Each structure stands twice: as structure tokens, then as C-alpha cells.
Amino acid sequence: MFVSNDVSTTGTMQKRHIVQPRDAQHPIVLSTEELHVFYGKKEAIYEGDLQFARNQITALIGPSGSGKSTYLRSLNRMNDRIATVTGRIMYRGVDINQSDIDVYEMRRRVGMVFQRPNPFAKSIYDNIAFALRLRGTTDQHELDEIVETSLKQAALWNQVKDDLNKSALALSGGQAQRLCIARAIAVKPDILLLDEPASALDPVSTSQLEDTLLELKKQYTIIIVTHNMQQAGRISEYTAFFNQGRVLEYDTTSHIFTNPQVQITSDYVSGNFG
Amino acid sequence: MKTTQQLEKQLKRHSKAAKLEIWGKVVSFSALLLIVAVVVGIIGFVASKGIATFTSNHVNLWDFLTDKKWNPGITDANGKPEVGALPMIVGSFLITILSAIVATPFAIGTAVFMNEISPNKGAKILQPVTELLVGIPSVVYGFIGLSVVVPATRAIFSGSGFGILSGTCVLFVMILPTVTSMSVDALRSVPRYYREASLALGATQWQTIYKVVLRAATPGLMTAVVFGMARAFGEALAVQMVIGNAALMPGSLVDPAATLTSVLTTGIGNTVMGSLQNNALWSLALVLLLMSLVFNLIIRLIGRKGRLQ
């Protein structure tokens, strides 16, 4: 089921161990080929070649500054005005890193949730309806319906159904982050990118968020950056380990945690480093 | 026992640091007192002089605010002095509101360019330019208005060229940098994650600016505009040079008119302290002072509302 394309160790190159997912039930929907990211002249990602399986959760782990967030932000072109991204980002057969790609249409399919909960200073309802209205949805029934299903999917509906017109800024951190997830899935994306979504949350909210993600993966392909090793272990099928701008190891999560092939990965997941 | 007493003595002795602390507090408190005294003194002085028109010269306050004839040296048929300040009040408000209406779109447009569309060029070129414009003395603006704007208005609309329109043009340029740089601050204070959230949802940059950034910055932008209006309202020299200084109800935008400030600057040197003419000018100054207080209040109210959001 798994084909190894182990990258050998030669000269000063660090040992790498990359096993791309091969699973007939979960075909690849997104992959990067020869992806390099530069901030000015400084190279932040040297080569990030990963493939992501559909309806699975892939965790990107690694120490601070390892480039995992930079990599994630490149996937839906959020780095466009900040950094130079070269290489190919293949989404269902189309390279979305081409200059003539309509990034706004692309981002509808590849949504993103950020580290810090960032609801707009609008009502809960208007937060979720924001992107739909931008796309010209004016039908009130349709909007009501999408707001309700999005909030239900994000497991927030029961807590806020009577307060839809209240300001989203009054929500707690965990609720606000789930509102952001609801806002992202309201446009029915294909892939959901999450950049350390639980790092600003307390343990209870984090665990609720994880349950929500496990529920959401039935409909969406999820790629999540996390600092929390246990979190990666709990929710993801695949894990990529980043260090100093390189993907050093990529495999199923159970392999990464029980039998890491690269010494640094082993040190990192066992807590000896990072 | 003896050591306890010694320790107490040591601890209760005022150290050098403690003395410095008291000294610092005294200095900053007296600075504060001085400023409060100056502000209270100015307000008290202007108020006492300005009220004299109504107390010792027995001018009716309502007449003062609504009469259209300003000629403090002359009494009318009923023996009442002609001190109707309405033309100047109207002139001041008209010129303030018009210049704010013209300046606001340009200022917000420039601010959006500087902060959202091209932050690099904005920081390198436009920022220093706006700061330079803020620092140009008003007499320079007035002089350019006198030698460029007034002849242009004369050529286009005939008449003298002096009037509200020329004043508006000059004030527009004068308040533009103030409103622009305050608008830039307002946009800059919108958190970056608002923009990211909007872009990640597939909004275009323009949709993000229009629907998210400008909405979130509205209290700050309103403060910028009111601040510009306060500056326009209080500006004396440049306006006086181009408005024509005729204390008449402005019939049109190109007729010579007057503002509270322009009448004050032209008239205050030609009157005798304590005379009605002099007191009437102080009353105008009082109106100006009260209006700037009102502008300040508005700015504070908007700021508070913005924080509550």
C-alpha cells in the first residue's frame, strides 16, 4: 500500500525519509512539487514536496521557525505579497501557483483558519454570511440555511442560535475559533488549511476543536499546522516533520511517532528537542 | 533590641531615591498646574470679555447670533448697535464643511493607497510629502491662494475672485495632509488579521478594503475628518487672505465673505479696549472657542464609541 521513495543521505545532505500517501480510498487532491519559498533573498522553504490525501487530516509539525506555517500559507497563495513562491502546487491536476490563476476563486476551494481567532467586528450571522454575500448570494433563506449548517458543522449552533445578531467579538476564544471554522466552511471549500488553530485555546476548547475536526474530515481534506505533538497524534493520519525549511520526514502518523527514521524527528517527537 | 531600632531608623530615613521621587512628582505636578491655569485663564478671559457685549453693552444674544448686519460702530434706526454675527458664523461653517467634503475622499483615497495598495511607495514617498505639507506655514498657503486661486476664480466666474470658493480651495489643500495622515493612522490600527481573514475567504483586495478595513476604521476616519474640520474652522490667516473680508451674508460662493477668524484678525487692531466694537470681536472669539470645544467633544465621543465596538 505504501511506496517508499526514501531520499538517501549523501554528503552534507541531511537524511530524509519521505513516504507519500498511497491509499486508493483517499486519492491525492493536493501536492507540491519543487516548492521553494523566499523572503526577499532569504530562502525559507528549500524543498517541500508533499502530497495530501483526500478526506484525511495531515499534520505539519516541527520546531518554531521550521517553515511549516510558511509552507501552509503558500498552499492557498496567502504569501503572494509577502514572499516569492516557486514550484508547482497541484490541486486536482491544476497548478495553482501560476500567475494567471484567479486566487480569489482558488481560495474559495482552499480555505484557511488562522492561529489567532479572527472574527470580524460584525454579528455572528454577518461573519458567516460575509464571503457568501461577496459572491452575490442575497437570498435570505439560502443564507439562513448555510449559516445554520456551517455553525452546526463547527459544533457552535447550539450555543449561539439565539444570539446570531450579537457581536462575534463577545464570543470566548474557543467559540470564536469555531466561528472562524464555520466562516471558512460556509463557502464549501474542498481543502481546509489550519495554522495552529488551537494554540490560543484552553485544553477543553482544544479537545472540542479536535472533535470538530475529526467530524469535518468526512467532508473536507484537512491540513493542520500544530505545535502540539499529542494533537497531531490524536487527530491526523499523516504527519510531516519540518526542520529548518526542509521536510525531513513524512509518513503515516503512527510511523512518525512509533518508528521515526530520522534522528531529529525521533528527538523532536520524544521531546528531547525543539 | 538595639538592632531593630537601628534598622527602623535606616528604613525610615529618606534615601536619595525617595527624595528624587518626591522632586519628580513636584515638578510634573507644577507643570500640570501651570497648563491648567493657562487654559482656565484663556477661557475665563475670552468669556468675560465676550460676555461684556451682552452685559454692559446690552446687546441681545439672540440678535447677535441671528442678525445679518455687522457694523459695530454704527447704531441702527432703533438706536441698537449693528452686531449681527450670522454672516461670519455662516461663512465659517460653510467654508469648513465644504473643504471637509472636498478633502475627505482625496484623503481617504490617499490613505488607502499608502496603507493598503502600495505600502512601500507610501512609506517612502507619500509619508514624507504629507508630513512636509503639514509643516508649511499657513501664510504660504494664503499667499499661493492669493496669487493663484483668486485670479483663477476671477477668470472662471468673473467678479473679484475673493470668496468662499477660493477659501474652500485653500483650506482643502491645507487640511488634506492632516486628514490624510490621521486616516493612515486609522487604517494602520485595523489589525492585520482582519485583512488575512477576508483574503483567506476569497475576498479580493478591493472587497477587503471596502467591506472590512474601511468599516473597521470608520471611527478613526471620522475623527480624522472632524480634526480637519476643527483645523479649517480655526484657520485665520490663509482664509483672511483669499475670502475678501466683507462681513455680509454670502450670496454665492464667489462673493466676498468673511469668517469669524478673518473678521477677528482684520478688526482686533483697529478697536479700543472696552468699547463695543472691541467687545463684539471678543464675543466672536468666544463663539470660536466654544466651537472648538464642540469639535473636541465630538472627537472624544467618536473615539469612545469606537472603543466600545
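Predicted model: local features only at pLDDT ≥ 70, side-chain atom pairs only at ≥ 80, totals over all residues.
A:Ile191 has A:Thr221 of β10(A) as its bridge partner, and A:Leu194 stands opposite A:Ile224 in β10(A). To get from β9(A) to β10(A), the chain passes through helix α7 (residues 203-216) of chain A, and this β-α-β crossover is right-handed.

Strand β10 (residues 221-225) of chain A has five of its five residues buried. A:Thr221, A:Ile223 and A:Val225 lie on one side, A:Ile222 and A:Ile224 lie on the other, and both faces are covered. β9(A) is also mostly covered, with five of its five residues buried. From β9(A), A:Ile191, A:Leu193 and A:Asp195 point one way while A:Leu192 and A:Leu194 point the other way, and all of them are buried.

β8(A) is joined to β9(A) by four bridges, and the two run parallel; A:Met112 has A:Leu193 as its bridge partner in β9(A). Turning to β10(A) again, four bridges join it to strand β5 (residues 57-61) of chain A, also in parallel. β5(A) in turn pairs in the parallel sense with strand β11 (residues 238-243) of chain A, over four bridges, and A:Thr58 stands opposite A:Tyr238 in β11(A).

With those pairings in hand, the whole sheet can be followed. Seven strands of chain A form an open sheet in the order β1-β12-β11-β5-β10-β9-β8, and the pairing is mixed. Which strands are at the edges? They are β1 (17-18) and β8 (110-113) of chain A, each of which pairs on one side only.

Next, a detail of the backbone in each chain. A:Glu34 is not a glycine, yet it has a positive phi of about 50°. You will find A:Glu34 in strand β2 (residues 28-39) of chain A. Is A:Glu34 buried or exposed? A:Glu34 counts as exposed because 10 other C-beta atoms lie within 10 Å, and the cut-off for exposed is 12 or fewer.

Phi of B:Asn245 is near 50°, which is a positive value in a residue other than glycine. B:Asn245 is located in the loop between α10 (237-243) and α11 (260-267) of chain B. B:Asn245 counts as partly exposed because it has 18 C-beta neighbours inside 10 Å; that class lies between the cut-off of 12 or fewer for exposed and that of 20 or more for buried.

Finally, see where the two chains meet. How many residues of chain B are in contact with chain A? There are 14 of them, in contact with 19 residues of chain A. On the side of chain B that touches chain A, the elements giving two or more residues are α8 (192-200) and α9 (205-234) of chain B. α8(B) gives the most, with six residues. Sorted by class, this side of chain B has nine nonpolar, four polar and one charged residues.

Conventions
Residues numbered from 1 in each chain as written. Chains lettered and ligands numbered in written order. Contact = placed C-beta atoms within 7 Å. Nonpolar A, V, L, I, M, F, W, Y, C, P; charged D, E, K, R; others polar. Pairing = 2+ DSSP bridges. Right-handed = clockwise from strand over helix to strand, strands pointing away.
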